[in-house]
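This report describes the strand pairing, the nonpolar core and the overall dimensions of the chain shown below.

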Amino acid sequence: QVQLVESGGGLVQAGGSLRLSCAASGSILSIHAMDWYRQAPGKQRELVATITSSGSTNYADSVKGRFTISRDNAKNTGYLQMNSLKPEDTADYYCTVYRWPVRYWGQGTQVTVSS
């Protein structure tokens with residue numbers, strides 16, 4: 001079974017930074033895409049960033065220029081570096097990978113950005 005363990009969430013002032021980590025079991029991040037999603041209170045789940053097995057990245061318009069997705073294949077860990085945080089970034093953040101025939105999710109980590 002694939003397991004994803006997230007860390008790095010917390011409370012931060014607007015304009016501050018956080019780095020979220022997603023530690024994966026086995027060596028799966030090197031051959032599968034990894035995504036970060038977030039869900040704010042009262043809103044639908046939103047795709048924040050993706051990174052493919054070849055290293056290509058994509059971002060939601062709301063976070064472009066502020067967030068960076070990356071991975072360390074040797075450590076089998078994915079990251080989401082979040083800079084210039086805004087109150088609108090407050091949400092539960094989840095990492096996810098797809099290995100046929102199922103999609104695996106982390107437990108989620110809370111990010112709260114104060115005004």
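## The four-stranded sheet

Four strands make up an open sheet in the order β1-β3-β8-β7, and their pairing is antiparallel; strands here are DSSP runs of E with at least two residues, numbered from the N terminus, and two of them pair if DSSP finds at least two bridges between them. The edges are held by β1 (4-7) and β7, each of which has a single partner strand, so one side of each is left without a neighbour in the sheet. From one strand to the next the twist averages 15°, with axes fitted as lines to C-alpha atoms and angles running from 0 to 180 degrees between N-to-C directions.

The model is a predicted one, in which local features need pLDDT of at least 70 and side-chain atom pairs count only at pLDDT 80 or more, while totals for chains, interfaces and linings use all residues. Residues are numbered from 1 along each chain as its sequence is written, and side-chain values use heavy atoms, with hydrogens and water left out.

## Pairing around β3

β3 and β8 pair in the antiparallel sense over six bridges; L20 stands opposite L80 in β8, and C22 has G78 of β8 as its bridge partner. β1 is joined to β3 by four bridges, again in antiparallel fashion, and L4 stands opposite A24 in β3. Five of the seven residues of β3 are buried, so that the strand is mostly covered, where buried means under 20% relative accessible area, exposed over 50%, and partly exposed in between (1.4 Å probe, protein chains only).

## The nonpolar core

The largest nonpolar core holds 29 residues, of which L4, W36, F67, L80, M82, Y93 and V97 touch the most other members; such a core is a set of buried Ala, Val, Leu, Ile, Met, Phe, Trp, Tyr and Cys residues joined through side-chain atoms within 4.5 Å. Among the elements that give two or more residues to this core are β3 (18-24), β4 (34-39), β8 (77-82) and β9 (91-99).

## The chain as a whole

The secondary structure of the chain comes to zero helices and 11 strands. Its radius of gyration is 13 Å, close to the 13 Å that the globule rule gives for 115 residues, so the chain is as compact as a globular protein of that length; the radius is taken over C-alpha atoms, and the rule is 2.2 Å times the number of residues to the power 0.38. Along its principal axes the C-alpha trace spans about 40 × 25 × 20 Å, and buried residues make up 43% of the 115 residues.
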